[in-house]
Amino acid sequence: MNENNTGYKNIKEMAPSAEPERQYYFIKETKKLLKNRFEEYKTSFGTFPKYCVVTFGCQMNARDSEKLSGILKELGFSETEDETEADFVLFNTCTVRENANDRLYGRIGRLKHVKAMNPHMIIGICGCMMQEPDEIEKIKKKYPQIDLIFGTHNLYTFPELIYDLIMKREGESVEIADLGNDVLFSSDYKGRHNSGKRVISVWKDTKDIVEALPNDRKYPFKQGVNIMFGCNNFCSYCIVPYVRGRERSRKPEDILNEVKALAEDGVKEIMLLGQNVNSYGKNLPEPMSFAELLSEVERIEGIERIRFMTSHPKDLSDELIAVMAASHKICRQFHLPLQSGSSSVLKRMNRVYDKERFLERAEALKKAMPDIAISTDIIVGFPGETEEDFLETLDVVEKVRFDSAFTFIYSKREGTPAAKYEDQIPEAVIKDRFDRLLALQNRISEEECKKREGKTLPVLVEELNPHDSKLLTGRLESNGVVHFEGPKELIGKIVNVRLDEAKGFYYMGSLND
Ligand code: 5AD
Ligand code: SF4
């Protein structure tokens, strides 16, 4: 024990302080630690121990999960989709609405029995929900089956935390590094009770962006690329700025090098990701606009389609619209979250635009690109929303004619300004409004879908149809889904498909090359 202890201390002391070198060092040390155990496991079970990363929430989380998955693969774990047969389960959480939290607790509750049968099993939780101290307290009290907790700001320290966890399980007294950041929660944070063999490490914030961690890409032909992290907008209902921190843009050269490498690797479509991509680059040492970044990305050979998410209507510039309209690669698709059509609700949401400005921006997009598909997010039942306010939302939906809309029931998030607003709306009223909105949007989506019927358009072929292996499934520039017959060799290619029949939310088509 003593000897080990010196070993642990030495290894921590010898770790490089620069990143990502430090994390690669812990990957190497953890592999050494696990080598014999993994080989024994393989002899008994025929595979290496399995891991499962379960992702909740948005595309940013999906992108983070690829990094987590990459690290676990690098350590020698093999992947499984089934969390009940995994030896290492990691939940990457979302907390934007309450029901995401409830779903998570259901899943970890069910794993308690699985873990009782497999004492080596590790269960970890990370992501946005772990930036909320109340949730961590709840897990500490009620979910002893959780071994590892970390937050959004220290996701990149995952290798070091796994190393610490394994050592802690062996009886070491481990020290969780804060790496110069303010700690929100830690299993060995001063004054806090050290909870058994768990490792907990959550930071308040960080200024760092750590590049070049291992990565496990989901599709060979399309890829999300982070361009910025965090959000400075503080919409009054939204918890994201509290759990993802302030806006930080990646350096343009890092983004462009990543996209170039992806293109060389055969990627055709990239999705630039950020909570608010329109404010990309404002805080860089040499500021650069999002439109300028897009123009640079456009020049990269091999990339055929560019998408981005999410844009805030208040920052949608004419410059961006012009770059899009002139581009041959940026898809004619725009996600423009409305949230509400009522100027007074928008004001209380702190959205900074009003109904007229939103309509004007949507019109500007359509004028520059008549074939553009606009999608949106709408919240129903924001505190104080009157019937008149709601009718304004329906009015915008009628006028803009979104191709699709993600509609959400307002969810009260503690710590946000709107949680304190009076006039929370009764459930029955919200449900009625939600149903009316959905019925209207469904009708419009179907009508918009129908408009493309008969056209022949390029489709990026993504997969064999999961329900009928004679069919391939792909996506239009508009992001619409198309099913058509064809050989599976076309997966990953862009082909022309005739849209024979609009089916409301997807098309049945035929290959037309
Ligand atoms: N309640 C309901 N929906 C919300 N969103 C963000 N916060 C909340 C909340 N508290 C929605 C917004 C946002 C999308 C990602 O989630 O519509 O655009
Ligand atoms: Fe939340 Fe508003 Fe930021 Fe979007 S822009 S993440 S809704 S605070």
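Student: How far does a polar side-chain atom of Asp-377 lie from an oxygen atom of ligand 1?

Tutor: Happy to start there, and do remember that this is a predicted model. A pair of N or O atoms counts as a polar contact within 3.5 Å. The pair formed by a polar side-chain atom of Asp-377 and an oxygen atom of ligand 1 is separated by 2.6 Å.

Student: And how much of the 400 Å² that ligand 1 exposes when taken alone does the protein bury?

Tutor: Picture ligand 1 taken alone, with 400 Å² exposed. Now put the protein back around ligand 1: the share of that area that it buries is 85%.

Student: Which elements give two or more residues to the shell around ligand 1?

Tutor: The shell includes Asp-377, Ile-379, Phe-408 and Ile-409. Asp-377 and Ile-379 fall within the range 373-380, and Phe-408 and Ile-409 within 404-409. The elements with those ranges are strand E14 and strand E15.

Student: Which residue has a backbone N or O atom 3.0 Å from a nitrogen atom of ligand 1?

Tutor: Let's go through the contacts by atom type. Arg-97 uses a polar side-chain atom, 2.8 Å from an oxygen atom of ligand 1. The backbone atom that lies 3.0 Å from a nitrogen atom of the ligand belongs to Tyr-237.

Student: Which element gives the largest share of the lining of the largest cavity?

Tutor: Two strands each supply at least two residues of this lining: E12 (305-309) and E13 (333-335). Among the lining residues are Ile-306, Arg-307, Phe-308 and Met-309, and these sit in the range 305-309. With four residues, the largest share comes from E12.

Student: Which element gives the largest share of the lining of the second largest cavity?

Tutor: Here a helix and a strand each supply at least two lining residues, H6 (158-169) and E7 (199-203). The lining includes Glu-160, Leu-161 and Asp-164, which fall within 158-169. The largest share, three residues, therefore belongs, by the DSSP numbering of elements, to H6.

Terms used. Residues are numbered from 1 along each chain as its sequence is written. Chains are lettered from A and ligands numbered from 1 in the order in which they are written. This is a predicted model: local features need pLDDT of at least 70, side-chain atom pairs count only at pLDDT 80 or more; totals for chains, interfaces and linings use all residues. Side-chain values use heavy atoms; hydrogens and water are left out. A residue is near a molecule or strand if one of its heavy atoms lies within 4 Å of it. A polar contact is a pair of N or O atoms within 3.5 Å; within protein, one must be able to donate a hydrogen and the other to accept it, and residues adjacent in sequence count only if both atoms are side-chain atoms. Accessible areas come from the Shrake-Rupley method with a 1.4 Å probe; for residues, only the protein chains shown count as cover. On a 1 Å grid over the protein atoms alone, a cavity is a set of points where a 1.4 Å probe fits but cannot get out, and a pocket is an open set with protein on both sides within 12 Å along at least five of seven lines; lining residues have an atom within 4 Å of a point.
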